[in-house]
Amino acid sequence: MASRASSEAHARGTPTDIPALPKLGRTWYTRGALYWLCRARTTTFLIILMVVVSVFDVVLYNGFTSEWQPTVRAVWNGVTAVASCGALVWGWMQQRREHHRALLDPPTPAQTIRAKRDHNRQAPGRAFANRWMVLLLVPVLPALAAYTIGWLTAWTTVREYPSEVGARRWMREHPSGT
């Protein structure tokens with residue numbers, strides 16, 4: 001969903017000081033072929049990641065439930081399938097709500113870069129710290145994976161990222177690039 005802040009290039013011409021955004025560089029401004037290649041690269045990476053994580057989750061889940069009685073396993077698989085479908089939709093809707101909220105108050109280029117830097121600094125620690133939780137969550141891993149898939153799918157299919165909207169708004173407010 002495009003916002004009013006996502007107007008195309010100024011009539012005066014392209015400004016010389018276009019801020020670079022994480023993963024998009026300066027391609028977001030003209031939204032040409034290179035921009036769409038960057039978006040396709042991100043989407044392709046996430047598709048591969050989602051497939052790998054889903055296969056891992058299903059194998060781990062099957063290994064965990066293989067020792068259960070067939071009746072209990074069949075009932076739990078049914079519950080898990082319903083929960084996974086609901087979680088997929090919930091993840092999609094949650095991301096769309098977050099996206100719409102972010103479009104109302106988009107980050108400036110400096111805020112975007114700072115948030116990306118903070119995320120990159122914290123992500124390895126979080127991944128390491130939360131590994132043990134996977135074992136506790138095995139019975140509900142398919143639903144968690146479905147939520148994540150719904151969230152990431154909604155995130156990659158938006159027309160415009162909030163960082164782009166914020167950068168366009170920032171450029172309008174700071175025409176000299178200061």
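User: What makes the twelve residues of the largest nonpolar core a core?

Analyst: The largest nonpolar core consists of Ile 18, Leu 21, Leu 24, Trp 28, Tyr 29, Tyr 35, Cys 38, Val 158, Tyr 161, Ala 167, Trp 170 and Met 171. A nonpolar core is a set of buried Ala, Val, Leu, Ile, Met, Phe, Trp, Tyr and Cys residues joined through side-chain atoms within 4.5 Å; buried means under 20% relative accessible area, exposed over 50%, partly exposed in between (1.4 Å probe, protein chains only). Helix 1 (33–65) and helix 6 (162–173) each supply at least two of its residues, and helix 6 gives the most, three. Helices here are DSSP runs (H or I, at least four residues), numbered from the N terminus.

This is a predicted model: local features need pLDDT of at least 70, side-chain atom pairs count only at pLDDT 80 or more, and totals for chains, interfaces and linings use all residues. Side-chain values use heavy atoms, without hydrogens and water, and residues are numbered from 1 along each chain as its sequence is written.

User: Why are helix 2 and helix 6 called roughly parallel to each other?

Analyst: Helix 2 (residues 70–104) packs against helix 6 at about 5°, with the axes 9 Å apart. Angles under 35 degrees count as roughly parallel, so these two helices are roughly parallel.

User: Which residues of helix 2 and helix 6 meet?

Analyst: His 99, Ala 102, Leu 103 and Leu 104 in helix 2 meet Pro 162, Val 165 and Arg 169 in helix 6, where contact means heavy atoms within 4.5 Å.

Terms used. Axes are lines fitted to C-alpha atoms, for helices over the stretch in contact, and angles run from 0 to 180 degrees between N-to-C directions. Angles under 35 degrees count as roughly parallel, over 145 as roughly antiparallel, 65 to 115 as roughly perpendicular and the rest as oblique.
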